[in-house]
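Dear colleague,

I am passing on the structure below, together with some notes on what was found in it. Please look through it before reading on.

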Amino acid sequence: MTPAPRHVACVMDGNGRWAESRSLPRTAGHRAAETTVIDVIEAARGAGVEWLSLYAFSTENWSRPSNEVDYLMRLVRSVVRKHAALLHARGIRCRFLGVADPRIPAPLARDFADLMTLTRTNRRMTLTVAFDHGGRGDIVEAARSLIRSGVSADAVDESHFAAHLPFPDTPDVDLVIRTSGEQRISNFMLWQVAYAEWTFPSVLWPDFRAPHFLECLHTYQQRKRRFGGVPPHANGESRT
Ligand code: IPE
Ligand code: IPE
Ligand code: MG
């Protein structure tokens, strides 16, 4: 059996469809997502996951109607403020990946920074919230940073490159969970998911709960990760 994943990342998808299926505005789906977020954080921590990353807002999500974007900015701020003490008490180090666009309201950026500062020495679990995040953008920024460092092209290898990504201590993602049945990457942590396993539960994010999360961990543990190699004792043959 594959050991439990160290780093789990969730593409929290399906809020709009959850609301539309109830004849509610899409924003109601985002509001309902808060309960799931807290449930999943608790479940991950309880299961011994060391790194949990949540995709909350992509660089592409700026193209949504302005009332939805404004609502998300307000909602995320209220969630961060409401749960900051709990996250800290649970020993969770919080980080925000992205947060570069000047359209992000300054008070929200300040609350992100405050929560990062408050929880920076916690080690029980690291929660990375990808907000205004784009995987390609991170890779381009890393390339710029490398070039500025004046390194010679021949000296650049994968680990050297990765050291210029934001939060370079983040380990590779072991498992990605994308809810709502959609099966695409949507520009999420492209570098870090290179060898991740994926699960695509059909449940919409606002209906996703701890048992669904634990089921995904179980599915992961049944997988055989090969990393391009040959599974040990394939077909009973000796590997020599
Ligand atoms: C995910 O739910 C939340 C964000 C992208 C902010 P969606 O809002 O994408 O929900 P669907 O995909 O329209 O159902
Ligand atoms: C991905 O979901 C981004 C987040 C979950 C924050 P989207 O709903 O925006 O992605 P697409 O548009 O289906 O690819
Ligand atoms: Mg979506």
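**Ligand 2 and its surroundings**

A polar side-chain atom of Arg184 lies 2.8 Å from an oxygen atom of ligand 2, a polar contact being a pair of N or O atoms within 3.5 Å, where within protein one must be able to donate a hydrogen and the other to accept it, and residues adjacent in sequence count only if both atoms are side-chain atoms. Taken alone, ligand 2 exposes 390 Å², of which the protein buries 77% (accessible areas by the Shrake-Rupley method with a 1.4 Å probe; for residues, only the protein chains shown count as cover). This is a predicted model, in which local features need pLDDT of at least 70 and side-chain atom pairs pLDDT 80 or more, while totals for chains, interfaces and linings use all residues. Residues are numbered from 1 along each chain as written, chains are lettered from A and ligands numbered from 1 in the order written, and side-chain values use heavy atoms, leaving out hydrogens and water.

An oxygen atom of ligand 2 is also 3.2 Å from an N or O atom in the side chain of Asp13, and a polar side-chain atom of Arg178 lies 3.3 Å from an oxygen atom of ligand 2.

**Ligand 1**

The residues around ligand 1 (a heavy atom within 4 Å) include Asp13, Gly14, Arg17 and Arg64. An oxygen atom of ligand 1 is 2.7 Å from an N or O atom in the side chain of Arg17, and for the side chain of Arg64 the distance is 2.7 Å. Taken alone, ligand 1 exposes 370 Å², and the protein buries 86% of that.

Best regards
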